[in-house]
Amino acid sequence: MKEQLFENYIFDTELIKKEKKNLILIIYDISDNKRRLILAKKLEQYGFRVQRSAFEAMLTKRIYKSMIQDIQHVIKSEDDIRIYRLQGSGEVTCLGAAMKRTEEEVIII
């Protein structure tokens, strides 16, 4: 029997007072392989892939605007991109074959 991964996390963007970040969800449907790959590479600079055509990121308003500009330079009118900026608190529950998210390790010397 295939082991199922379970990921559950709660976010509260209001607790991040220093930089006021929002949880961003980007989902896309792009039929052109080259453009889809370019977009995925761009989005990896801002967040992490949660599904084949979905990324999550915690971004400040300034970086969010920069990401929007980067996306606009890649896409064409026939592409379908949806960007959700979530504010406040919420909960994300992932069931099934969810990709494990790893926290970055920061070492200050």
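Predicted model: local features only at pLDDT ≥ 70, side-chain atom pairs only at ≥ 80, totals over all residues.
1. Where does Asp29 lie? Asp29 belongs to strand β2, residues 22-29. The UniProt annotation "binding site" covers Asp29, and that entry is unreviewed. Such annotations may be inferred rather than shown by experiment.

2. Is Asp29 buried or exposed? Asp29 has a relative accessible area of 54%. Exposed means over 50%, so Asp29 counts as exposed.

3. Asp79 sits in the loop between α2 (61-74) and β5 (80-86). Its relative accessible area is 11%. Buried means under 20%, so Asp79 counts as buried. Keep the pair in mind: Asp29 is exposed, whereas Asp79 is buried.

4. Which residues does Asp79 touch, leaving aside neighbours within four places in sequence? They are Asp29, Ile30 and Arg35. With Arg35 there is a polar contact of 2.9 Å between the two side chains. The side chain of Asp79 also has a polar atom 2.8 Å from the backbone nitrogen of Lys76.

5. Next, the whole chain. It holds 2 helices and 6 strands. Their order from the N terminus is β-β-α-β-β-α-β-β. Of the 109 residues, 29% count as buried. The accessible surface is about 8500 Å², and 50% of that belongs to carbon and sulfur atoms.

6. Contacts reach across the sequence. Take the contacts with a separation of 6 or more: residues 24 or more positions apart account for 76% of them.

7. Look inside next. In soluble globular proteins, nonpolar side chains tend to be buried together. Here the largest nonpolar core has 16 residues. Those touching the most other members are Ile26, Tyr28, Leu39, Leu43, Leu59, Met67 and Ile81. The elements giving two or more residues to this core are β2, α1 (33-44), β4 (54-59) and α2. The largest share, 4 residues, comes from α2.

8. Finish with Tyr28, one of those core residues. Leaving aside neighbours within four places in sequence, Tyr28 is in contact with residues including Leu39, Leu43 and Ile81. Its contacts also include Arg36, Arg49, Arg52 and Asp80.

Technical notes
Residues numbered from 1 in each chain as written. Heavy atoms only, no water. Buried < 20%, exposed > 50% of the residue type's maximum accessible area, 1.4 Å probe, protein only. Contact = heavy atoms within 4.5 Å. Areas by Shrake-Rupley, 256 points an atom, 1.4 Å probe, with all protein chains shown as cover. Polar contact = N/O pair within 3.5 Å; in protein donor to acceptor, adjacent residues only side chain to side chain. Core = buried A, V, L, I, M, F, W, Y, C linked by side-chain atoms within 4.5 Å.
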